[in-house]
Amino acid sequence: MLQGKLTSLVLNILILAVVFVMAFPIVWIVMNSFKEAADINAYPPVFVFDSTLENYKVLFDIADAEATNYGTLKVEFFKPVINSLVISVGAVLLSLVAGVPAGYALARYNFRGKEDLAFFVLGFRFAPVLLVVIPIFQFFQVIGLYDSYLGMIWVYQLITLPMIIWLCRSYVEDIPVEIEEAAAICGAKRPQIMLQVVLPLLRTGLVGASLLVFLLAWHNFALGLILTADKTPVPVALLKLLNPGISFYPVVSAGLVISMIVPIGLIILGQRHLERGLTFGALK
Amino acid sequence: MVNEGVKKSRSNRTFLLISILPAILILGGFVLMLFWGFYQSLTDMRFGRTRVDFEGFGNYAYLFGRGRFWDSVSLTTTFAFTAVACEAVLGLAIAKLFNTKALLANWCRPVMLLPLVLPPLSVALMWTTMMNPESGVLNYFLGFIGVDNFSWISKADTALLAVVFIDVWTYTPFFALIIFAGLRGISPEILEAARMNGAKAWGLFFRIELPMVLPYIILAALFRLIDSLNQFDIIFGTTQGGPGNATNVLSISAYFTAFQNLQFGRGAAIMIMNWLVVLVSALVMVKLWRYTRDRVS
């Protein structure tokens, strides 16, 4: 009995250790983002400090320039946040419009080359993004899509569309085909069946898939780095924050927190979906 | 009647075409770009110069003759295989830990999602600040166990270790969650029967649990290996390939060749080689996966 209690104590302590390793860096960055510059560079590191919002004010350019340590340096982080939101939401919406019907067709129709097509879609998971980006860069320069929302939304389909098709296909396969047959007997046509019978049944699944795919779009760095100058998404803007060459860590910490708030908010919204999506959703 | 059947199947076919065409057009564009990229790798294309000469495999021959290229190949594979091996072992241990009846196990599991949902570039920058040799919090903790001034990403001989460490921190939960699901999937009857036959905890683990979750581990390793062999964000956000060439993996090398030296053709050739490394590694893993899966069933 005593031994059982001891093991359970040890196990709980080990679990806490794992939780500490996973969560501490994030807690630390959040703390840093509220510190003054002197406290951030202090060694040994300070865990108790007077908190300030100055870093966030500089980040969003609402601080009085003279009052900060950074003089007249201007940072505008609102724009990258808006860019990331527009591109990611746009990419998810386009993927849903193009991907849901395709996923449905792959689940319900039998046609020649169907499995090849499914494999082709899955193959994008293995596509070398950088290799595709070099030609896209030149192509965009020529047709004027470089540094545009439209171009970025199309390029993000490389990541979002295959995932939506794949997840949607597996969700449709989980719906009993009898429901659709019943609707067909009642005289409903295919498009009608899809819009009025299947789509409502897919709703929860698609919400989860959209969250997951939005997250992947939010993460992306390489595409924005190469294909934008002004419409930079958040991760690229973060890296640019480091460029001024002065000790900018406090403001970068605030930027990091902003880049992390959105995904952490998504965990709270859809933990179950994300857990499945980030692991098996990708494998299935 | 017959007529109606034909008509119906035709409208069905139109519907099929309409539903699948947009996706094919969007994805097909990328395939065209992929082929174009391969063609570029056979030319001496430079950005900003209109003249492009076809060179055959000139870029490849150039790469094969350079020690730096082979350094990049070995860095890429060392980075990926080390990271994935560590992630698999740690992930297995953590999955076992969270599969116990400990009070906190169920409660704390969502915390494992944290590293997975953060943008990899943010993760890289976050660790860069913590890995500062002079004022970083990581060396402060290491000071407690008697390690002083570990150089992390600032010196060539520890930089690779540091970026592997960041990859491991980020993606160990990926393994842990998948293996956890695998462990949950083992039917309690099998474990109970083995226990009745007198199997001890370790025997249970090595004889039953491990072989049954092995296909999961290898599948997870396959996916992680592909991503780690292509890893760009974490290394670009921390070392950008340096110090010196200590972390100059193929993807980083391709980026700088193409977008800093503006040698698009050669950059594309490096990416093609990176892709081949990924392809070969993936094929080996798939073989391994088939083998372990067949043994289980």
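Here are some exercises with worked solutions on a predicted model with chains A and B.

**Exercise 1. The make-up of chain A**

Work out which secondary-structure elements chain A has, and how its radius of gyration stands against that of a compact globule.

*Solution.* Start by counting elements: chain A holds 12 helices and zero strands. Reading from the N terminus gives the run α-α-α-α-α-α-α-α-α-α-α-α. The box around the C-alpha atoms, taken along the principal axes, is roughly 75 × 75 × 35 Å. Now look at burial: 43% of the 284 residues in chain A are buried. Finally, turn to contacts in chain A between residues at least 6 apart in sequence: 74% of these join residues at least 24 apart.

**Exercise 2. The make-up of chain B**

Repeat the analysis for chain B, and decide whether this chain is a compact globule or more spread out.

*Solution.* The element count for chain B is 13 helices and zero strands. Along the sequence the pattern reads α-α-α-α-α-α-α-α-α-α-α-α-α. The globule rule gives 19 Å for 297 residues, and the radius of gyration of chain B is 25 Å, well over that value, so chain B is more spread out than a compact globule. Along the principal axes, its C-alpha trace spans about 85 × 75 × 30 Å. As for burial, 43% of the 297 residues of chain B count as buried. Of the contacts in chain B between residues at least 6 apart in sequence, 71% link residues at least 24 apart.

**Exercise 3. Where the chains meet**

Describe the side of chain A that touches chain B: which elements contribute, which gives the most, and what classes of residue are found there?

*Solution.* Begin with the totals: 68 residues from chain A and 70 residues from chain B take part in the contact. On the side of chain A, the elements giving two or more residues are helix 1 (2-33), helix 4 (78-108), helix 6, helix 7, helix 9 (190-219), helix 10 (222-227), helix 11 (234-241) and helix 12 (249-283). Helix 12 of chain A gives the most, with 18 residues. Sorted by class, this side of chain A has 56 nonpolar, 10 polar and two charged residues.

**Exercise 4. Residues with positive phi**

Take Asp147(A) and Gln240(B), find where each one sits, and say how exposed each one is.

*Solution.* First, Asp147(A): its phi is positive, about 60°, although this residue is not a glycine. Asp147(A) belongs to the loop between helix 6 (129-143) and helix 7 (149-174) of chain A. Because Asp147(A) has 16 C-beta neighbours inside 10 Å, it counts as partly exposed.

Then Gln240(B): here too the residue is not a glycine, yet its phi is positive, at about 50°. Its place is the loop between helix 11 (233-238) and helix 12 (250-259) of chain B. Gln240(B) has 15 C-beta neighbours inside 10 Å and therefore counts as partly exposed.

**Exercise 5. A helix of chain B**

Note on methods
Residues numbered from 1 in each chain as written. Chains lettered and ligands numbered in written order. Predicted model: local features only at pLDDT ≥ 70, side-chain atom pairs only at ≥ 80, totals over all residues. Helix = DSSP H or I, 4+ residues; strand = E, 2+ residues; numbered from the N terminus. Buried ≥ 20, exposed ≤ 12 C-beta atoms within 10 Å, placed from the backbone. Rg over C-alpha atoms; globule rule 2.2 N^0.38 Å. Contact = placed C-beta atoms within 7 Å. Nonpolar A, V, L, I, M, F, W, Y, C, P; charged D, E, K, R; others polar.
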